[in-house]
Amino acid sequence: MAKSVKQKNKQTYETSRIVDYYSQLNQLQPAEAAILKLFASDWHKMKMLDLGVGGGRTTSHFAPLVQEYIGVDYSLPMIKACHKKFKVDFPNVFFQVADARKLVQFADNTFDFILFSFNGLDYVDHSDRLKILYEINRVAKTGSFFFFSSHNLTAITQAFTSKKQLNLNPLKTYTNLFMLGLLKIFNRQVNLELLENSQHLMIRDESHNFKLNTYYVKAQEQLQQLSFGFENIEIYSWQGNEPIKDSQDLAWQNDMWLYYLCRTKK
Ligand SMILES: C[S@@+](CC[C@H](N)C(=O)[O-])C[C@H]1O[C@@H](n2cnc3c(N)ncnc32)[C@H](O)[C@@H]1O
């Protein structure tokens, strides 16, 4: 299972149709826009690593602001697409093929801000996820920032519940139940009991036609995973207006993705 997760997800991100899809994306997600604003007066001092840069959706927003910007991805076609898209515009911008599990080309204590956007961290299995978090912590400067989003296991539980698919619009109910059927076919081992009792699970969801194995995690477990080397962790919902303060609110957060802003421990 672990081997196929690694290979299949990477293969999917090398497929030309999927590379084309990510290359034409340009808009920031609301929580990302909130972070862009939050550090408005600091960007010019920052050396930034954009992990899993994909087709460069975030590049045009961050690269012009920071001192130096390096976008990396383990998919060579994604990096080629970035080179094509940002040929001439920014002299302080670099793209490289690199796997977040082993960032051997970067020394310890290199970056001021590390981004792993659009849930890029979720396409490896549990042990590789932990490896990535340690690599990020190693290449990040002390007291620097790491911002990423991740799939919320609490929210997907609803997608597996038949009752939650009912809607006043019969067409919507039909579509929801059809999607639930597909979800169950692609995830035969997953049931409500497993979802409730797990802290994290690999799930094949509908993104890219159920091709990807995606890591879903409960917020408390994510905080636990980060605790070895990060502090002051703030969690944002999709809208990203304010960090979620209340632990009760967090437990009930039904956004499919949550955003984590963390600081490397001093
Ligand atoms: C959902 S896409 C997001 C792309 C881009 N960040 C964006 O927001 O549009 C996830 C990206 O992460 C990359 N990725 C996944 N696992 C990776 C890893 N271990 N090392 C480097 N890149 C990885 C994939 O190749 C893909 O381009």
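**View 1. Glu 14 and Lys 10 join side chains in a salt bridge.** In this predicted model, the N-to-O distance between the two side chains is 3.0 Å. Both residues belong to helix 1, which runs over residues 2-14. They're 4 residues apart there, or about one turn of the helix. Side chains of opposite charge can pair when their charged atoms come close. Across the model, the count of salt bridges comes to 11.

**View 2. Here's the ligand, sitting in the largest cavity.** There are 17 residues around the ligand. Among the closest you'll find Gly 52, Asp 73 and Ala 100, along with Arg 57 and Ser 117. Sort the shell by class and you get 9 nonpolar, 5 polar and 3 charged residues.

View 3. With Tyr 74, it's a polar backbone atom that lies 3.3 Å from a nitrogen atom of the ligand. And how much of the ligand's accessible area does the protein cover? On its own the ligand has 590 Å² of accessible area, and the protein covers 100% of that.

Key: Residues are numbered from 1 along each chain as its sequence is written. This is a predicted model: local features need pLDDT of at least 70, side-chain atom pairs count only at pLDDT 80 or more; totals for chains, interfaces and linings use all residues. Side-chain values use heavy atoms; hydrogens and water are left out. A residue is near a molecule or strand if one of its heavy atoms lies within 4 Å of it. A polar contact is a pair of N or O atoms within 3.5 Å; within protein, one must be able to donate a hydrogen and the other to accept it, and residues adjacent in sequence count only if both atoms are side-chain atoms. Accessible areas come from the Shrake-Rupley method with a 1.4 Å probe; for residues, only the protein chains shown count as cover. On a 1 Å grid over the protein atoms alone, a cavity is a set of points where a 1.4 Å probe fits but cannot get out, and a pocket is an open set with protein on both sides within 12 Å along at least five of seven lines; lining residues have an atom within 4 Å of a point. A molecule sits in a cavity or pocket if more than half of its atoms lie within 2 Å of its grid points. Ala, Val, Leu, Ile, Met, Phe, Trp, Tyr, Cys and Pro count as nonpolar, Asp, Glu, Lys and Arg as charged, and the others, Gly among them, as polar. A salt bridge is a side-chain nitrogen of Lys or Arg within 4 Å of a carboxyl oxygen of Asp or Glu. Helices (H or I, at least four residues) and strands (E, at least two) are DSSP runs, numbered from the N terminus.
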